[in-house]
Amino acid sequence: MLHRSHRLRSVAASKFMLPALALAASLTLPGIADAQTKTIHAVMHSDLRVIDPGLTTAYITRDHGYMVYDTLLAMDSNFRVQPQMAEFKVSDDKLTYTFTLRDGLKWHDGTPVTAEDCVASLKRWGQKDGMGQKLMDFTASLEATDPKTITLKLKEPYGLVLESIGKPSSLVPFMMPKRIAETPADKAIPEQIGSGPFKFVAAEFQPGVKAVYVKNADYVPRKEAPSWTSGGKVVKVDRVEWITMADNQTAINALQSGDIDFVEAPSFDILPVLKQDKELTIHTLSPLGFQTLGRMNFLYPPFDNPKVRRAAFLAMSQKPVLDALVGNPDYYKVCGAVFGCGTPLASDVGAETLVKGNGMAEAKKLLAESGYDGTPVALMAPGDVVSLKAQPIVAAQLLREAGFKVDVQATDWQTVVTRRASQKPPKDGGWNMFFTNWAGPDILNPVANVSTGGKGKNGGWFGWPDDPKVEALRDQFARATSPEEQKKLAEEVQKEVYEQVLYIPLGQYQAPSVWRNELTGILDGPATPVFWNIEKKN
C-alpha cells in the first residue's frame, strides 16, 4: 500500500486536487506515519482561524470548543438538560441553584478544576452570549462557596437557568481555568487549556491548512451513554485532524480516495453521486437543521434608515435563495417562522412577502420614498463555505432589482467572522450586510435567538440594532410561566423583528454529512459533529 502522503500527491495531480498539495505536506508531520496511531482526517464546513470560543458565534469555533472544553450541563436528544461536569440542585423557591463538580476533573495542564474557575468562565460567557446576558440580568450573585460548589442566586425566579448553562450552541458556556477566563471578553484568550476529551496541539495549528487534536488521556468520561452533547465522551481514536479544503470537489475526491475520512458539509449537487458509492455513509447529524439569514448594520447608511431596511426586507424572497443554496426541495423548507418551523413558537406573523416573494413592487415604492441616496451596500460574500456562497449573490440581485446599489465584496468566511465585529464605517473596512446560518437550537425562543436582540452597541450582536421595545418583550418572555403566554410574546417579538428588520430569515435547510464506512459510532447532535465515540477501523 502506498504511504498516505504518496497517495495524496497522486490525487493532487488531478485538475480538481491542486489545493491538496498543502494537505500532502501537512500529513507528513512527525507522528502521522506511525501506523499504530488512529487518526481521523476531517474536512469541516469552514477553515478554523478564531480559536477563542467566547469571542465569536462562528460554528467552526464552537466545534473547536467542544473538542477542547467541557460544560457544567449539557442537552440530551430529548431536549433535557443533564449534568455534565457538575450535578445540580434547585431550591424550593427557585431562587438558588447549586452546582457540585464531579470528581476527577483536570485541566489539560494537570491542575484540578475548581469552582472558582467555573464562576470566572460563566461570568465571561455572560458578557457576550445572549442567553448569558439575560441570565446575568436576573442574577443576584454567582460565587464559589467551596472548591467544588458553585452557587447562583437569582433576584427573582427565572425559568431558563438550566437551559442557558446547558445550551448546546453558540455561544456555549465552556469552562476554562480562572486565569484564562479572566481575559477581557473582547480580547482573545492566550491559551487553549480546557478539561475536555481532546487537547489542542498548538504547535501544529496552521490557519488555512489544518488544526490538530489529540486524545486527552486524563479525561474521565461520565458513565451515562452519550446523547447529543451530554453523557460519556469516550474518545476511541488517538488524533483528529481538521484539514482545510476550500474547494468542495477537492474534499470529495480526497474522501473517495480514502485520504479524508469525514466531510461535514458536501455540496448538495454532489449528493446523488455520493449516494451511489457503497464505501460512504450519508447522514444528517442535526435533525433540527439550520435557518439561513441576512443581517444588516444599523450603525451606518443606508440601513440606519428604517424605511430603507424595510425596503430591503420587502425585496427579499426565500425560495430563490434556497434554490440557489440547496436546490433539492427535499432538503429545504420555505419558512417565515423566526423561531423555527414546526417548533412550539412557530408563527407566520409578518412573513408573507418572504415566503410568497410578492414584495418587490412595494420595495421599489418604499425605497423611492425613503430618501435613499444611492449609498452602495457593502455586502460581504464568502466563497469558501458551501452553505454561505449563494445567499449574498441572490440577495444582491434582489436588492439591485429594488433599486439599491450593491458592492459585493468577495472574501472568505473567516474574514467575514473577523470583519463583522468591526464597528468602523464601511468605507474604512466596515460593512453593511452579511449572511450566516443558525443551527436549530440557537433560534428556538426569543432569549436563545440573539438575532432578535436590541441591545445596540451595549452587548448586542453584530449589526447592533438598538430596540428597547424588543428587549422589553424578551424580558417578559423570560418571566412568562405558561406556554400560551410565551406563544403570544414570541409572536410580538417576531412582529417587531420584521417591522424593524432586526434580521431577515431566508428559510430552513438540512445539511447532510458524509464519511467513509471505516468510521462507526458517529453521533447525532443538535448542532455540531462531535468526535468522541467514533471508532476507526485499521
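# Notes on a predicted fold

At 24% relative accessibility, Cys 341 counts as partly exposed. Buried means under 20% relative accessible area, exposed means over 50%, and partly exposed lies in between, with a 1.4 Å probe and protein chains only. The areas come from the Shrake-Rupley method, again with a 1.4 Å probe, and for residues only the protein chains shown count as cover.

Before going on, a word on the model. This is a predicted model, where local features need pLDDT of at least 70, side-chain atom pairs count only at pLDDT 80 or more, and totals for chains, interfaces and linings use all residues. Residues are numbered from 1 along each chain as its sequence is written, and side-chain values use heavy atoms, with hydrogens and water left out.

Back to the cysteine. Which residue is the partner of Cys 341 in a disulfide? Cys 335, with the two sulfur atoms 1.7 Å apart. The rule for a disulfide is a pair of cysteine sulfur atoms within 2.5 Å. By that rule, the count comes to one disulfide. In general, a disulfide is a covalent bond between the sulfur atoms of two cysteines. The link of Cys 335 and Cys 341 is right-handed, with 120 degrees about the S-S bond. Cys 335 is buried, at a relative accessible area of 3%. Another cysteine, Cys 118, is buried too, with a relative accessible area of 0%.

Now step back to the whole protein. How many helices and strands does the protein have? The secondary structure comes to 17 helices and 21 strands. Helices (H or I, at least four residues) and strands (E, at least two) are DSSP runs, numbered from the N terminus. The C-alpha atoms fill a box of roughly 70 × 65 × 40 Å along the principal axes.

Buried residues make up 59% of the 538 residues. The accessible surface comes to about 20,900 Å², and 52% of this surface belongs to carbon and sulfur atoms. Next, contacts, meaning heavy atoms within 4.5 Å. Take the contacts between residues at least 6 apart in sequence: 72% of them join residues at least 24 apart.

On to one strand. Strand 19 covers residues 513-516, and both of its faces are covered. Ser 513 and Trp 515 are buried on one side, Val 514 and Arg 516 on the other. In a regular strand the side chains alternate between the two faces of the sheet. What joins strand 19 to strand 11 (residues 262-263)? Two bridges, and the strands run antiparallel. Two strands pair if DSSP finds at least two bridges between them. Val 263 stands opposite Val 514. Strand 12 (residues 280-283) is also antiparallel to strand 19, joined by four bridges. There, Thr 281 stands opposite Trp 515.

Now a helix. Helix 14 runs over residues 390-402, 13 residues in total. From first C-alpha to last, helix 14 reaches 19 Å, close to the 18 Å expected at 1.5 Å a residue. The expected span is 1.5 Å times one less than the number of residues. The buried residues of helix 14 include Val 394, Leu 398 and Ala 402. An α-helix has 3.6 residues a turn, so residues three or four places apart point the same way. Gly 403 follows helix 14, with a positive phi near 115 degrees.

Last, the backbone. Most residues other than glycine have a negative phi, and most peptide bonds are trans. Where is Lys 94, then? Lys 94 is in the loop between strand 4 (86-90) and strand 5 (96-101). Its phi is positive, about 65 degrees, although Lys 94 is not a glycine. Lys 94 is partly exposed, at 47%. Val 501 has a positive phi as well, near 55 degrees. Buried or exposed? Val 501 counts as buried, at 1% relative accessibility. Val 501 sits in the loop between helix 17 and strand 18 (504-509). Glu 496, in helix 17 (residues 483-500), touches Val 501, and Asp 467 and Lys 469 are also among its contacts, not counting residues up to four places away in sequence. Glu 496 is buried, with a relative accessible area of 5%.

Two cis peptide bonds to finish. One joins Ser 170 and Leu 171, with omega about -15 degrees. Leu 171 is in the loop between helix 6 (161-165) and helix 7 (178-181). Another joins Pro 301 and Pro 302, with omega about 5 degrees. Pro 302 lies in the loop between strand 13 (290-296) and helix 10 (306-315).
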